[in-house]
Amino acid sequence: MQVLAADAPSGSGELLIMNDLPVYKRGRNKIQEAIEEAEQKKRKNKIKNRISAAKSRARSQEHTRFLEEKVEQLRNENTLLKKFLSLEREVMQGKKAKQCLEPEEQHT
């Protein structure tokens, strides 16, 4: 927080520049109030940022869990498809063996 005091035009009080915005206040109490307001705003923003960060981490963890479940599902599907392909190859090899044997039996 940046607080600078400067002379204001024609007795209008102190000019405070807080967070790059000019604020006119009269007297020490007003200056102190302005400083406390700025500090309170800063604390409030910190709290909001912490909440936002916690929500972001929770979303990230949920997304990671979703992706892990998807990976597991796809691995299971891949295993099943590999087994199916293996069985199909065995069936095709059995058919080829039959085809190779049948013509020999027909010619003799």
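**Entry 1: helices and strands**
I began with the secondary structure of this predicted model, and I noted that the protein chain has 1 helix and 3 strands. Reading along the sequence, I wrote the order down as β-β-β-α.

**Entry 2: confidence**
Where is confidence lowest, and where is it highest? I found the lowest value in strand β1, residues 3-7, at a mean of 47, while helix α1, residues 27-107, has the highest, at 90. I also marked residues 1-9, over which pLDDT stays under 50, and for this stretch I noted that the model has 25 contacts beyond four places in sequence.

**Entry 3: surface and contacts**
Next I turned to the protein chain as a whole, where 7% of the 108 residues count as buried. For the accessible surface I recorded about 9900 Å², and I noted that 53% of this belongs to carbon and sulfur atoms. Among contacts between residues at least 6 apart in sequence, I found that 11% join residues at least 24 apart.

**Entry 4: a charged pair**
How many salt bridges does the count come to? I found 1 salt bridge, formed by Glu 62 with Arg 65, whose closest N and O atoms are 2.9 Å apart. I reminded myself that side chains of opposite charge can pair when their charged atoms come close. Both Glu 62 and Arg 65 lie in helix α1, and I noted that they are 3 residues apart, which is about one turn of the helix.

How values were computed:
Residues are numbered from 1 along each chain as its sequence is written. This is a predicted model: local features need pLDDT of at least 70, side-chain atom pairs count only at pLDDT 80 or more; totals for chains, interfaces and linings use all residues. Side-chain values use heavy atoms; hydrogens and water are left out. Helices (H or I, at least four residues) and strands (E, at least two) are DSSP runs, numbered from the N terminus. Buried means under 20% relative accessible area, exposed over 50%, partly exposed in between (1.4 Å probe, protein chains only). Contact means heavy atoms within 4.5 Å. Accessible areas come from the Shrake-Rupley method with a 1.4 Å probe; for residues, only the protein chains shown count as cover. pLDDT is the predictor's confidence in each residue, from 0 to 100. A salt bridge is a side-chain nitrogen of Lys or Arg within 4 Å of a carboxyl oxygen of Asp or Glu.
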